[in-house]
Structure formats: structure tokens, C-alpha cells
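Please open the model in your viewer and keep the selection tool at hand. The stops below say what to select and what is found there.

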Amino acid sequence: IDVQDIKSDKNQLRNKLIIFISVSIFAAHNLIFLNNFKVNLPFAADWTDVFSPVLIFMTEGNFTFFVNKVSHIIFFPKLLSYPNFFFNSFDVGNLFYLQWIIMSLTIFVLYLLIKQTDKKLFWTLIPISAFVYNPLTTSAYWSLAILGWIFQMLGITATVYFLNKKSISLQTFSGGVSAAIFSTFSILIGVTSWFSGLLMLFQNSSRKKISNKKWIILWIVSTVIVGLIYLKLIEGYSPPLFIEQLLSFSAYSFIANFLASSFRLKFQILLVSVGSISLIISGIYVYYFSKQKYLKQYFSWFVLLFTVLIASVITAIGRVGMDYHLGNDTYYSTVSQLFQIGLIVLSAKIIYEFRKPPKTIKKNLIVYLLIILLITQMIMLVPSYYSGYIRAQMVFDEKQIYLNCFSLSADIDCDKLFLWFNSEYTSTLNYLIQ
């Protein structure tokens, strides 16, 4: 027995080491990617979303952290950028490393969520890391504007984790509320974390204690308070909404694209197909896990699926009627990949169960199909990784042209190259350079 225990311990240690090394490779690759393509220059939305408001606060004393961009309140990206600007002379290049830190924290929270669910599924962290550390997500495009999207990814997963406890306490409830607030005031789509929390509390209250229902009431009160504050902060702005198109094929195509936005495929119909298949598989999993009475144990992963679906609908309401918004913008993958990640974990559970004896031809066939599904997900990420590098190189070259225009010996006519070059943006950057 002792010999068997020793062998078992060695196998577990070996498996953990393989998982750790694999995840570390994805993490190191993304860090090297960001380091190679980072440029100390606020680019495009970086300026309006974060850089300019923080600069105004630092130079004029006007508190601009709650000033909205359209219907987005980008408070936490501004708040966390401020110390870096203050101590590092407005260096925005350093914030590429903050992106990596938040991605890594998200991986850690997902690890904790798997630990709460089933430790036998730790190996799923390998394909999960392939999604989270996907270069396409950031493409080293924005240093600042992307922070809100990455923050909400962490906020949603943390909300689900805190409220996935068997017994909710004041500490875990506060953690869930804090994570939801962090997500909400980073980017608009972060409001979906309140749906996540409510679903988790509904599931928790159905377990045993009637007293757990008090947390639902407190959560709803917190949601209403934060919602009223949010609406007050964006008061006076009426963003275009396309609710009338929500039942159209265009809206469905947008949602399907959204769910598949982690991938880059040659034809648009392929992305719509991937999103549609993802929806179908999620429906099958709901039926299977309910029938096998696994739903409660894996409820947190179904909440992630539902949260992403709600996020896709909310985004469609605000974007489906706009030109060139098909639902596959790269930054959408910060939330949409949680859908694919949820499918990975749920697929892994079915594989584990179907490999138990007695084995049948039907069970083996399903196991093979699910393994093919997981492998297909990884294969479809390959073009995404390639596209991430292509986009990053193009943006890097464009940023070098911008930087050249701020040198004393620019070898191009910047006034003709950039129609907006004689603007506040240019004068401010010249001031900072001096």
C-alpha cells in the first residue's frame, strides 16, 4: 500500500508540474509579446479614455475619474494608471505589464474556481491559459483603453468565485460586491457581474438555510444602489439603442460572432457557425448536467456561460445597428472567452465521467468527440495567435511614425500625414516630452 501511495503521489506531482510548466509557457509567451511590442505612446482611445482625464486631474486638479465616455465609466483604469503616471513621468508603456498581471490574476481565480469544483480538472488550466493569454486579445494595440476590458474579465470571475462558497459570510459577500463594483466601473459590460452574483446567490439559497436568502436581498439592494449611481454619472447622455433589431438575424449573427470572437477564421459564416455550435453545445450540457444531478456542483461554470450570453445581448443592443460592428472585435474576447472556457471545463467533466467503467461504444464515441472538440478549439486559436502578431506589428510600426513626428528631425511631413496633428493631443505630448 505504501508503494502504491508513493507512486500515486509521484504521479500527482508530475501532473501538477506539467500543468504548471504549460501554463507558465503561455504566460511567459504573452509577457514577451507585450514587452516586444510595447511603445510609450498613448494611442487612439488611450488618449480620450484614460490618459487625458488623468492628465487633467494631475495638472488642473479637476477630478475626472468618474467622467463617462459615452455610457462607460472607466474609473478603475484611471485610478490604477494614476500612480504610474505620477511616479514614472507619464510612461504608458509600463501599463502593458499591468495587462499581463490582470490576466495572470484571472488565471489564478479560475484555478481557485476549479479547485472549488473538482480538483481532477486542474489540467483544463492548460487550454484555459491558451485563451486568456491569447495575443489577439490586446494585440499590443492600447496600453490604457484595454484595461477596462481586462478588469471586467477579472471582476466577473472573481464575483462568481466569492459567491461559490457553500456558506455565504459577510466576508465572501463583500468580496463579491467589491468584484462586481470593480467590474462595473471599469467598462459598461462589467455590469453583467451583478447578474452573475444574483444567480450564484439564488443557487446558494436553495441549498439548505433559509437565512441565506438575506444575501439575495442585500445583493439586489447593492445592485440598485450601484445602478442608480451609474445612471446618475451618465445622466444627460442617451446612447443609440437598437432594441428593435434584437430579434433580427443581424442581432443573432452579432451574438454568434461575439461568442466566437476569440477566434479568427477566414469567412464570416465560419465565426457565426462556431458561435452557433457553442450555443447548441451549452444547451446540451444544461440538459445532461441537470439529468445527471451535476448542475449544482458545476453551477458556477453555467453562470459564466449565461453571463457571457447576457453580455453579448447587451452589446448587440448598443452596437448591432452600427456600421463595421459585427460582434467580433478583439477586445470582446476578454468576456466571450469565458464562454469557451466554461465549455472546456464542462466537457472535461463529461470526459472524466464517461471514462469510468463500465465502458461502452457509446461512451467511448462521446469521449472521442469531446476530445476532438477541445483539440479543435486549440487549433482554431492558431490563426488568432498569428493575427495577434500581425496586428501588433502593424500598430507598432504606426506608433513609430507617430514618435518620429515628435523628434527634432522628423523625416516626414506630419501635418499632411495626420490631419489632426495640430491638436491638443500634439501640444500636450510635446509639453510632456519637453
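**Salt bridges and a helix**

Searching the whole structure turns up three salt bridges, a salt bridge being a side-chain nitrogen of Lys or Arg within 4 Å of a carboxyl oxygen of Asp or Glu. This is a predicted model, in which local features need pLDDT of at least 70 and side-chain atom pairs count only at pLDDT 80 or more, while totals for chains, interfaces and linings use all residues. Residues are numbered from 1 along each chain as its sequence is written, and side-chain values use heavy atoms, with hydrogens and water left out.

Select Lys 232 and Glu 235, which form a salt bridge whose closest N and O atoms are 3.0 Å apart; both residues are exposed (exposed is over 50% relative accessible area, buried under 20%, partly exposed in between, with a 1.4 Å probe and protein chains only).

Next, select Lys 349, Glu 353 and Lys 356, which a network of salt bridges links. Glu 353 meets Lys 349 at 2.6 Å, N to O, and these two lie four residues apart in helix H14 (residues 333-354), so about one helical turn separates them. Helices (H or I, at least four residues) are DSSP runs, numbered from the N terminus. Between Lys 356 and Glu 353 the closest N and O atoms are 3.3 Å apart; Lys 356 is partly exposed, at 33% relative accessible area, whereas Glu 353 is buried, at 12%.
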